[in-house]
Amino acid sequence: MANVIVIGAQWGDEGKGKITDLLSRSADVVVRYQGGVNAGHTIVVQGQTFKLHLIPSGILYPDTECIIGCGTVIDPQVLIKELEQLEQLNISTDNLLISQTAHVTMPYHRLIDKAAEEKRGNHKIGTTGRGIGPTYADKSERIGIRILDLMDPIGLHEQLEWTINYKNTILEKLYNLPPLDPQEVIAEYLKYAERLRPFVVDTSLKIYDAVQKRRNILFEGAQGTLLDLDHGTYPYVTSSNPVAGGACVGTGLGPTMIDRVIGVSKAYTTRVGEGPFPTELHGEVGDMLGDRGAEFGTTTGRKRRCGWFDAVIGRYAVRINGMDCMALTKLDVLDELEEIQVCVAYEIDGQRCEHFPTSARQFARCRPIYKTVPGWQLPTTECRTLEDLPQQALDYLKFLAELMEVPIAIISLGASRDQTIIVEDPIHGPKRALLQADGTPVSV
């Protein structure tokens with residue numbers, strides 16, 4: 001039995017959906033613990049592509065229980081659309097459970113999100129405009145709507161009539177937008193409530209029961225470490241905690257019940273939206289990474305910024321999350337390169353820095369210090385074992401493991417499930433990997 005957290009070790013978009021999907025076949029329960037529809041997971045199964053924003057990746061396995069935890073913010077309209085899409089594909093949603101204390105994204109959240117971002121002008125954060133920040137803000141301000149509120153029509157009327165009138169003042173006076181009709185919004189959300197009612201339970205209790213029964217539980221977050229509200233590149237961050245610690249808060253499970261943390265990184269680095277990005281590439285190589293890696297956001301379709309692998313933020317992610325193994329994705333994107341650069345440290349105002357700076361202004365002044373390693377210029381998409389990989393590709397993996405000071409357990413070489421080398425199953429395998437942090441293979 002193992003309770004495993006899967007986190008993004010960069011700025012999100014690392015391929016967590018595929019890794020979660022792979023690990024879900026060994027899991028009894030998959031739990032989403034934070035974020036909202038501002039994130040997305042793309043999974044390819046037998047040539048069919050699934051794009052999920054709220055429903056955990058494990059839904060594709062009929063015997064896996066899927067839970068949306070209390071730390072997630074839920075847009076009912078999007079969630080119901082996902083349910084209908086899955087059901088149209090004959091994928092059962094009977095095993096889905098929704099936390100009754102998860103907060104709900106309302107129409108005014110989306111309106112305020114977009115209007116506020118526009119008001120920022122040159123100081124834009126890069127929000128998706130899906131209302132996530134304002135939903136979490138209302139949660140902190142203690143005026144939020146929770147799933148359990150939707151289940152109580154009388155209470156919902158009382159709460160929303162006041163809240164919408166309050167939000168209308170902001171929409172009209174601050175953003176010059178037309179007001180919302182409280183009755184229309186209430187009627188709309190009461191319809192959503194009836195559709196979702198069969199799925200709503202006390203998920204914290206369900207998760208605890210699963211632990212007591214020694215079931216394998218997989219916790220998946222959205223976004224990545226560098227977008228964490230407290231530990232990311234603030235203010236260019238999301239409004240929740242994607243780091244491993246967020247899994248406990250976002251599900252109601254104590255930290256002593258977590259066994260492992262696996263971080264997901266690309267073989268290079270990407271970032272979407274605004275904010276500093278030391279290893280960003282402008283030119284032919286960056287364009288090539290974007291094209292070969294299909295680097296467009298699952299939620300917004302925005303083009304991702306691409307750069308070389310950054311071991312400084314990698315080591316930071318290992319430390320912040322307590323990672324004990326890593327999944328590396330999109331190694332195949334580098335197949336054509338004659339040389340590959342890896343950022344091993346930064347230069348800030350003439351000084352070498354090997355640790356991630358907490359100041360956004362200081363981070364913006366960081367210049368990457370690179371080490372150049374040879375590429376392999378051979379296709380890797382058909383490789384299924386470490387022995388199948390070109391020697392230079394294996395050397396690259398060993399180098400990254402050494403820099404990150406954490407072993408590599410999974411190597412992804414394409415979007416499909418089968419395009420993967422599983423060195424170790426983090427759920428059922430021993431707490432070690434065949435490709436150790438010092439680059440030394442360990443015999444089985």
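How much space lies in the second largest pocket? About 210 Å³. Keep in mind that this is a predicted model.

**Stop 1: the second largest pocket**

Select Val37, Lys51, His53, Asp75, Val78, Lys81, Glu82, Gln85, Arg110 and Arg130. These residues line the second largest pocket. Colour them by class: six are charged, two are polar and two are nonpolar. Now show helix α2, residues 76-88. Helix α2 gives the most to this lining, with four residues.

**Stop 2: the largest cavity**

The largest cavity holds about 50 Å³. To find it, select Leu22, Leu23, Arg25, Ser26, Ile410, Ile422, Glu424, Asp425 and Pro426, which form its lining. Five of the lining residues are nonpolar, three are charged and one is polar.

From Glu424, draw a distance to Ile147. The two C-alpha atoms are 38 Å apart in space, and the residues are 277 apart in sequence. Ile147 belongs to helix α5, residues 147-150. Ile147 is buried, with a relative accessible area of 0%.

**Stop 3: helix α7**

Select residues 182-196. This is helix α7, with 15 residues. From first C-alpha to last it reaches 21 Å, close to the 21 Å expected at 1.5 Å a residue. Which residues of α7 are buried? They are Pro182, Val185, Ile186, Tyr189, Tyr192, Ala193 and Leu196. Turn the view to look down the axis of α7. Its buried residues fall within an arc of 125°, so they line one face of the helix. Now find Glu184 and Lys191. Both are exposed, on the face of α7 turned away from its buried side.

Move to the N-terminal end of α7. Asp181 caps it. One of the side-chain oxygens of Asp181 lies 2.9 Å from the backbone nitrogen of Gln183.

**Stop 4: helix α13**

The 14 residues of α13 should span 20 Å at 1.5 Å a residue, and the end C-alpha atoms are 20 Å apart, which agrees. Is α13 largely enclosed or largely open? Of its 14 residues, 10 are buried, so the rest of the structure largely encloses it. Among the buried residues are Leu394, Tyr396, Phe399 and Met404, and Lys398 is also one of them. Step on to Glu405, which follows α13 and has a positive phi, near 60°.

**Stop 5**

Most residues other than glycine have a negative phi, and most peptide bonds are trans. The next picks depart from that pattern.

- Ala294: this residue is not a glycine, yet its phi is positive, about 50°. Look in the loop between α10 (284-292) and β13 (305-307). Ala294 is partly exposed, with a relative accessible area of 49%.
- Gln377: phi is positive here too, about 45°, although Gln377 is not a glycine. Its loop runs between β18 (367-374) and α13. At 49% relative accessibility, Gln377 is partly exposed.
- Tyr234 and Pro235: a cis peptide bond joins them, with omega about 10°. Pro235 sits in the loop between β10 (217-220) and α9 (245-249).

**Last stop: Gln10**

Select Gln10, in the loop between β1 (3-8) and α1 (16-24). Gln10 is buried, with a relative accessible area of 2%. What does its side chain reach? Show Tyr268: the side chain of Gln10 reaches the backbone oxygen of Tyr268 at 3.0 Å.

Definitions and conventions:
Residues are numbered from 1 along each chain as its sequence is written. This is a predicted model: local features need pLDDT of at least 70, side-chain atom pairs count only at pLDDT 80 or more; totals for chains, interfaces and linings use all residues. Side-chain values use heavy atoms; hydrogens and water are left out. Helices (H or I, at least four residues) and strands (E, at least two) are DSSP runs, numbered from the N terminus. The expected span of a helix is 1.5 Å times one less than its number of residues. Buried means under 20% relative accessible area, exposed over 50%, partly exposed in between (1.4 Å probe, protein chains only). The arc is that of the directions from the helix axis to the C-beta atoms. A polar contact is a pair of N or O atoms within 3.5 Å; within protein, one must be able to donate a hydrogen and the other to accept it, and residues adjacent in sequence count only if both atoms are side-chain atoms. On a 1 Å grid over the protein atoms alone, a cavity is a set of points where a 1.4 Å probe fits but cannot get out, and a pocket is an open set with protein on both sides within 12 Å along at least five of seven lines; lining residues have an atom within 4 Å of a point. Grid points are joined across faces, edges and corners, and a volume is the space filled by probe spheres set on the points. Ala, Val, Leu, Ile, Met, Phe, Trp, Tyr, Cys and Pro count as nonpolar, Asp, Glu, Lys and Arg as charged, and the others, Gly among them, as polar.
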